[in-house]
Amino acid sequence: MVGSLGNLYDSIENLSNTYMQPNQSKDAVLNPRIANFGAHVPLLLPNEDGSVDRKFYRCASYSSGHVTITDDPNALCPHCHQRMNTVMTFVAGNGAAKVAGEGGGFVKGVVTYMVMDDLVVKPMSTISSITMLNQFNVKEVGVLEEKVVSLEMKEGLMLLKASLQCKNVLTSVFLS
Ligand SMILES: [Zn+2]
């Protein structure tokens with residue numbers, strides 16, 4: 001596979017289930033599915049705030065039990081045969097405010113993870129850090145440099161692009 005996405009995928013596949021939050025599974029990341037909401041929901045890219053421009057409609061008697069929705073404002077309600085043209089707001093799962101938990105995401109927050117330049121991700125420990133310094137032949141810790149980076153939508157898109165093209169993703173996005 002060109003780029004580094006394959007490494008990222010393998011890292012998740014190799015990660016022990018014990019790192020996952022109790023309500024999450026690796027399968028949700030490895031084999032993402034669109035929620036089966038009614039018959040079908042086409043894949044739509046979310047807006048910057050995570051919402052999706054997707055409209056659903058109901059009839060005027062929704063509150064009295066006509067809990068049927070449609071994506072076509074000309075459809076007739078199967079209960080009262082009135083037009084289902086009252087707009088409902090669709091909140092995509094990834095854009096919705098969530099019940100407070102561990103701050104969202106898939107893995108437990110107490111663990112620190114190490115992300116390599118080629119997007120290999122591993123839980124980090126003191127031993128693994130020393131092993132890595134050895135592996136990269138770092139003799140003098142004084143040569144190491146810490147860099148704090150900001151990660152917003154722009155960087156996210158750059159990371160995605162670089163991950164499809166090269167093996168030095170972090171270097172190309174944050175150090176060039
Ligand atoms: Zn109705």
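A residue counts as exposed when its relative accessible area is over 50%, as buried when that area is under 20%, and as partly exposed in between. K161, with a relative accessible area of 54%, is therefore exposed. The model is predicted. Its protein chain has 176 residues, of which 20% count as buried.

**Overall fold**

- The protein chain holds five helices and four strands.
- Read from the N terminus, the order of these elements is α-α-β-β-β-β-α-α-α.
- Among contacts in the protein chain with a separation of 6 or more, 48% come from residues 24 or more positions apart.

**Zinc site**

- Four side-chain atoms coordinate the zinc ion: SG of C59, ND1 of H66, SG of C77 and SG of C80. The distances run from 2.1 to 2.4 Å.
- Along the chain, the donors are spaced as C-x6-H-x10-C-x2-C.
- C59 and C77 both lie in the loop between β1 (55–58) and β2 (86–89), so this pair ties together parts that are 18 residues apart in sequence.
- Why does the arrangement of donors count as tetrahedral? The four donor atoms subtend angles of 104 to 115 degrees around the zinc ion, and four donors count as tetrahedral if all angles lie between 85 and 135 degrees.
- For four tetrahedral donors, the ideal angle at a metal is 109.5 degrees.
- C59 has a relative accessible area of 0% and is therefore buried. C77 is also buried, at 1%.

**Other residues of the β1–β2 loop**

- D71 is placed in the loop between β1 and β2. Its relative accessibility of 38% makes D71 partly exposed.
- The C-alpha atom of D71 is 9.8 Å from that of M88, and the two residues are 17 residues apart along the chain.
- H81 also lies in the loop between β1 and β2. With 55% relative accessibility, H81 counts as exposed.
- H81 is not a glycine, yet its phi is positive, at about 60 degrees.

**Helix α4 and E155**

- E155 sits in helix α4, which spans residues 153–165.
- Is E155 buried or exposed, and which side chain of opposite charge is nearest? E155 is buried, and the nearest such side chain is that of K154, 4.1 Å away. A salt bridge needs a side-chain nitrogen of Lys or Arg within 4 Å of a carboxyl oxygen of Asp or Glu, and E155 has no salt bridge.
- The side chain of E155 does reach a backbone atom, the nitrogen of E152, at 2.9 Å.
- With neighbours within four places in sequence left aside, E155 is in contact with S150, V173 and F174.
- K161 is found in helix α4 as well. The C-alpha atoms of K161 and V173 are 9.5 Å apart, and the two residues are separated by twelve residues along the chain.

- M132 has its place in helix α3. Its relative accessible area is 22%, so M132 is partly exposed.
- N137 belongs to the loop between α3 (126–135) and α4. A relative accessible area of 51% makes N137 exposed.
- N137 has a positive phi of about 60 degrees, although N137 is not a glycine.

**The α1–α2 loop**

- Q21 is found in the loop between α1 (5–14) and α2 (26–30).
- Q21 counts as buried, with 8% relative accessibility.
- What lies 3.2 Å from a polar atom of the Q21 side chain? The backbone oxygen of V107 does.

Conventions: Residues are numbered from 1 along each chain as its sequence is written. This is a predicted model: local features need pLDDT of at least 70, side-chain atom pairs count only at pLDDT 80 or more; totals for chains, interfaces and linings use all residues. Side-chain values use heavy atoms; hydrogens and water are left out. Helices (H or I, at least four residues) and strands (E, at least two) are DSSP runs, numbered from the N terminus. Buried means under 20% relative accessible area, exposed over 50%, partly exposed in between (1.4 Å probe, protein chains only). Lys and Arg count as positive and Asp and Glu as negative; His and the chain ends are not counted. A polar contact is a pair of N or O atoms within 3.5 Å; within protein, one must be able to donate a hydrogen and the other to accept it, and residues adjacent in sequence count only if both atoms are side-chain atoms. Contact means heavy atoms within 4.5 Å. Donors are N, O and S atoms within 2.8 Å of the metal (3.2 Å for Na, K and Ca); water is not among the atoms, so sites may look incomplete. Four donors count as tetrahedral if all angles lie between 85 and 135 degrees; four count as square planar and six as octahedral if opposite donors are over 155 degrees apart and all others between 65 and 115; anything else is irregular.
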